[in-house]
Amino acid sequence: MSKTDAATPEIEPAGKSREWNFHPALPISMSPVFDLPPKPKAALNWLLGTWTKLTPPVSHLTFALVAFFLFWPSTEAMKVLSWGWPLQIFVINFAATVILAGALHYYLFILRGQEMQLKFDARPMEKSRRFTFGNQVWDNMFWSLVSGVPIWSAWMILYFWVAANGWVWSLDSVRASPVWFVLFFFVIRFWQSFHFYWIHRLIHIPWLFKNVHHLHHRNVNVGPWSGLAMHPAEHVLYYSGILIHFVLPSHPIHLIFHMFALNLGAIYSHSGFAKLLVRNKEAMKAGSFHHQLHHRYFECNYGSEEIPLDRWFGSFHDGTRAATDRIRARKKRMYASK
Ligand SMILES: [Zn+2]
Ligand SMILES: [Zn+2]
């Protein structure tokens with residue numbers, strides 16, 4: 001598989017266009033990890049580069065360490081199902097969501113801390129009858145907090161109860177297997193991408209799209225609270241990625257990191273802005289143009305940048321006009337055959 005399609009398109013520098021208030025350099029790139037011929041140096045730089053500056057995964061790990069060392073219930077307590085420790089996990093997850101989504105929404109959309117700089121879509125959040133309560137932000141908060149956080153917490157409570165009782169293979173300490181402890185963070189990243197692609201393709205099957213996934217797709221133009229605004233059935237599937245920890249030996253920090261990557265990661269990736277700027281200086285990467293394209297054009301970019309599954313299966317939108325034409329033709333063919 002080559003890096004780009006057979007006819008290499010011209011590079012369009014980052015900036016404004018007819019379609020976008022801001023777009024990154026086009027065509028957008030994917031991770032070099034699966035490029036052929038292999039590019040070990042680029043792949044290694046990409047893999048390690050994430051951890052050498054402030055990025056969403058570094059933020060998830062920070063949240064996970066704070067949650068684990070300061071607030072997490074003890075293994076002893078989690079052996080017995082009760083109300084106390086499950087409620088504690090729910091409150092931690094609820095607080096992390098409100099803190100991150102609330103802070104990003106306040107900074108980007110209320111304070112307008114960087115005005116329209118690096119915002120993908122020119123339009124504001126919507127007040128429309130399409131949304132619950134007739135308001136996109138209230139709708140998104142409702143589905144995130146009333147469905148997302150409880151279902152995410154329920155999955156975690158199930159895992160920690162099972163792990164505390166020794167019914168799955170887990171790591172009690174980093175010292176027990178330091179190499180696996182570090183390596184597993186990389187495995188989680190690719191697993192998350194792989195799992196997301198397949199469950200996302202599943203809910204794009206027309207019946208499931210109409211009855212389940214449509215709720216998330218009412219957000220064509222997205223904001224931080226849109227990330228977790230999903231139908232409860234989608235939440236159950238989305239968090240089922242946690243099942244990997246029932247099979248591979250995990251430390252609690254792996255698990256908390258993975259679940260924060262699914263949740264806080266969606267808040268960042270739907271923020272609507274490519275990067276966060278503080279006093280006009282880049283503070284960190286935030287939104288995902290790859291996924292923003294999915295929200296605008298629907299039948300493309302089901303996965304994420306880590307594994308180029310969309311490229312392998314013909315649904316990759318690289319942001320160019322040629323790709324828009326290709327995806328529109330694909331969508332027409334898909335709906336014509338129904
Ligand atoms: Zn979708
Ligand atoms: Zn989305």
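Reader: Why are H4 and H9 called roughly parallel to each other?

Author: The axes of helix H4 (residues 84-110) and helix H9 (residues 252-269) cross at roughly 20° and come within 9 Å. Angles under 35 degrees count as roughly parallel, over 145 as roughly antiparallel, 65 to 115 as roughly perpendicular and the rest as oblique. H4 and H9 are therefore roughly parallel. This is a predicted model, where local features need pLDDT of at least 70 and side-chain atom pairs pLDDT 80 or more, while totals for chains, interfaces and linings use all residues. Residues count from 1 along each chain as written, chains are lettered from A and ligands numbered from 1 in written order, and side-chain values use heavy atoms, without hydrogens or water.

Reader: What makes a stretch a helix, and what is its axis?

Author: A helix is a DSSP run of H or I with at least four residues (a strand is E, at least two), numbered from the N terminus. Its axis is a line fitted to C-alpha atoms over the stretch in contact, with angles from 0 to 180 degrees between N-to-C directions.

Reader: Which residues make the contact between H4 and H9?

Author: Contact means heavy atoms within 4.5 Å. On the H4 side, Ile92, Asn93, Ala96, Thr97, Leu100, Ala101 and Leu104 take part, and on the H9 side Phe260, Leu264, Ile267 and Tyr268. They split into nine nonpolar, two polar and no charged. Ala, Val, Leu, Ile, Met, Phe, Trp, Tyr, Cys and Pro count as nonpolar, Asp, Glu, Lys and Arg as charged, and the others, Gly among them, as polar.

Reader: How do you know that His258 is buried?

Author: Buried means under 20% relative accessible area, exposed over 50%, partly exposed in between (1.4 Å probe, protein chains only). His258, in helix H9, has 1% relative accessibility, so it counts as buried.

Reader: And what about Arg311, buried or exposed?

Author: Arg311 sits in helix H11 (residues 309-312). Its relative accessible area is 15%, so Arg311 is buried too.
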